[in-house]
Amino acid sequence: MAAAGTGALVFSSPFSPVRLRRRETSWRPIPLSAVSSTATPNTIKTTTTSRENGRPRSGKTGTEEAERRVIDYSNPEPEPEPRKRLKDFFQEWHELIRSDGGGPPRWFSPLECGSRDPNSPLLLFLPGIDGTGLGLITHHHKLGKIFDMWCLHIPLKDRTSYMGLLKLVEETVRSANYTSPNRPIYLVGESLGGCIALDVAARNPDIDLVLILANPATSFSRSQLPPLIPLLEVMPDHLLPVVKHTLTSLIGEPLRLAVDNLVKGLPLPQTDGQFSEDIVALPTYLSVLTDVLPRETLLWKLHMLKSASASCNSHLHAVKAQSLILCSGRDQLLPSREEGQRLYKALPKCEIRRFEESGHFLFLDDNIDLVTVLKGASFYRRGKYFDYVSDFIPPTPSEFRKILEPIRILFLSTSPVMFSTLEDGKVVRGLAGMPSEGPVLLVGYHMLLGSELYPLISQILIERNILVRGLAHPFAFMRLKDGRLPELSTFDSYRIMGAVPVSGPNFYKLLSAKSHILLYPGGMREALHRKGEEYKLCWPEQSEFVRMAARFGAKIVPFGAIGEDDIAQVVFDYDDLMKIPYFRSEIEKLTAEGVKLRTDATGEVANQDVHLPGILPKVPGRFYYYFGKPIETEGRKQELRDREKCHELYLQVKSEVQKCLAYLKEKREKDPYRNILPRLLYQAQHGFTSEVPSFEP
């Protein structure tokens, strides 16, 4: 770290330590022995389970080990998260290049990454051809909370070969794995760095690596860059600017990002100042680019890309690591969209996320948040295996609001209203009757197409600051094969909000973590019900959750949700579709792509075929939710081991849900604002953020 008053910065290297001079130090050195760290973490509202051999220890939860900081989700306009911008990238790149005294490649760690969970995995950032290691600068603050983050810096005048860089990264990976063999090592590579990451993975198949590849240069041979190599070798100096002009995508991309960020995403007053700063910093960036791209440097980097692409493509078959491909739709340097699809098919444990409006510099796009991407793809883990409970990181208020934006029309058109039951049995508007301390199991009716989900989870989070973990169908998390089902990225928002694939082990872990859990015993059969089955409970004959809930003394809260019959009507259901050979064949193909549930069950509840019923929309009515009085299971563990007693409680819960539905159907007839027109008139008079009245409970 910089010595007081000197501004010196020491980087670590497997070869020799080197000092760089800077006016302000925003980086810290990485000692060779510091592969693992015990820095004190920021406390976040999450469940962190202690581990042995990379797996959670049974019976231990994060509430016993980590202090919690409450996150406030009620603010409709949360403060923006600390994040550097293009201006900072330009300035720090300029300083780093100007003050670069040469030397071999080495690692540095940004100072804003200094506070994290002690169990955080190591993240190695492998830069593109710029080599500065600053490509993740806008993500440092968030990444530093969950990773031990190292960035590779390749000095401008360094001429280390591709194999030399590969060996440097490989030595670091092996050293880190030796120190912490039960933690994964993340290799985040863009462009050239993506090739290095793939080669390291191919050479080390027994090390637990997670590859995050942003527009990797594996497609170099199919890009417009190879013809520049012979051209640069023979071109006179006075014509060199012509070649640089052909690289306008390099120069223009950050400016385009700044313009795009002005047009979308941020409130105008805030954006104006940030946009101005980015534009003012652009000349600095251009001057640095002139230094970065002299003929010799440019030729060296192009040859490096050629070697890297050829090497990793020849070893692609040996890559066994878990991989996430991030590809841009507007990459002007590389055919990244097509290359992403090729790698997705070639790599064995691979997922892909597409960003159609982004260019080559994906990580500099203000609309891209790498931590959010990792959370949505379920790619953040601290041990050998991903755990939906212990590895879960709650959404930030900004992430929550971003998820709500596309579905805000649902809230405006249905004006959800919620009622709950206090301990004395009194029904009140709002969620005051919702138990604060878990474990709590919310059990209820699944409306058509699951249309009640977002209002339910969102309102509980806003009003009570409780994040409900929903047990969802596995097809939102995994596929047996690719086909006609929506891409997994379609369900990223579910995972960010805490959804978990329904299974006995996951249910057990959520209960042991004292979570608030959302369970629909009717599952897909209820959400894709037949004509005339509105508000019919399609539950299994046998109890599936009571005994487990009693084991942890969970409170069971029965609830009803109605309003689907006021927004749509099923006109073509599963039975109708199965009578038509074409649709029957399509349903069979769709169902074969996903994991099946209740394979040992009989009757119609076992029929979980994936299909989409034909529905006729209606003028929107209103959604109503009613949470009944919590049913205590504390102290009944021994009693409910008896199968008959357990089944009696199961039937009691089912009966309470039916009563909640009946209560709402009766009461909504007295709501003068059930239809959308009176609600719109009321909000026009009182403001569209005002709470619309409803019936008296």
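Predicted model: local features only at pLDDT ≥ 70, side-chain atom pairs only at ≥ 80, totals over all residues.

Residues are numbered from 1 along each chain as its sequence is written, and side-chain values use heavy atoms, with hydrogens and water left out.

Let us begin with the overall picture. The chain holds 23 helices and 22 strands, where helices (H or I, at least four residues) and strands (E, at least two) are DSSP runs numbered from the N terminus. Of the 697 residues in the chain, 56% are buried; here buried means under 20% relative accessible area, exposed means over 50%, and partly exposed lies in between, with a 1.4 Å probe and protein chains only. If we take the contacts (heavy atoms within 4.5 Å) between residues at least 6 apart in sequence, 80% of them join residues at least 24 apart.

Now to the inside. The largest nonpolar core has 83 residues, and L441, L442, L456, I460, L518, F545 and F627 are those with the most contacts inside it. Helix α22, residues 643–667, gives the most to this core, with 9 residues. A nonpolar core, to be careful with the term, is a set of buried Ala, Val, Leu, Ile, Met, Phe, Trp, Tyr and Cys residues joined through side-chain atoms within 4.5 Å. Leaving out residues up to four places away in sequence, F545 touches several residues, including L441, F507, Y650 and V653.

What does the side chain of H516 meet? H516 sits in strand β18, residues 516–519, and counts as buried because its relative accessibility is 6%. A polar atom of its side chain lies 2.8 Å from the backbone oxygen of P435, which falls under the term polar contact (a pair of N or O atoms within 3.5 Å; within protein, one must be able to donate a hydrogen and the other to accept it, and residues adjacent in sequence count only if both atoms are side-chain atoms).

Next come the salt bridges, meaning a side-chain nitrogen of Lys or Arg within 4 Å of a carboxyl oxygen of Asp or Glu. A search of the whole structure finds 33 of them. One joins R337 and E356, with the closest N and O atoms 3.3 Å apart; R337 lies in helix α11 and E356 in the loop between β12 and α12, so this pair ties together parts that are 19 residues apart in sequence. Another joins the side chains of R342 and E339 at 2.6 Å, N to O, and these two, 3 residues apart in helix α11, are separated by about one helical turn.

Finally, the surface. V571, F572, Y582, F583 and L616 make a nonpolar patch of about 460 Å². F583 is found in helix α21 and is partly exposed, with a relative accessible area of 35%. A patch is made of residues with over 30% relative accessible area and no salt bridge, where like charges are joined within 9 Å and nonpolar side chains (Val, Leu, Ile, Met, Phe, Trp, Tyr) within 5 Å, and accessible areas come from the Shrake-Rupley method with a 1.4 Å probe, with only the protein chains shown counting as cover for residues.
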